[in-house]
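Have the coordinates open as you read.

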Amino acid sequence: MARKCFITGKGPMVGNNVSHANNKNKKRSLPNLRSVKIKLDDGTSVRIKVAASTLRTMKKKS
């Protein structure tokens, strides 16, 4: 399964680790994903992967 937030679409970001000597190495920072059960309108529940920042926003709005 892809490392991507189901709701916001947040995915891995790519950048450089830059040392004191200005050497650059590629790095990949992954989103902080949590698997959450969500109840649908028809009563069934689905397990989805959601970013932690999105969870905080969802709790704030509800």
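Start with Thr 54, which is buried at a relative accessible area of 7%; buried here means under 20% relative accessible area, exposed means over 50%, and partly exposed is in between, using a 1.4 Å probe and protein chains only. Keep in mind that this is a predicted model, where local features need pLDDT of at least 70, side-chain atom pairs count only at pLDDT 80 or more, and totals for chains, interfaces and linings use all residues. Residues are numbered from 1 along each chain as its sequence is written, and side-chain values use heavy atoms, with hydrogens and water left out.

Thr 54 sits in helix α1, residues 52-61 (helices, H or I of at least four residues, and strands, E of at least two, are DSSP runs numbered from the N terminus). Setting aside neighbours within four places in sequence, Thr 54 is in contact (heavy atoms within 4.5 Å) with Cys 5, Ile 7 and Thr 8.

Beyond its neighbours within four places in sequence, Ala 51 is in contact with Cys 5, Lys 10, Asn 32 and Leu 33.

Now for a loop: Asn 22 lies between β1 (13-18) and β2 (24-29). Asn 22 has a positive phi of about 65° despite not being a glycine, and at 48% relative accessibility Asn 22 is partly exposed.
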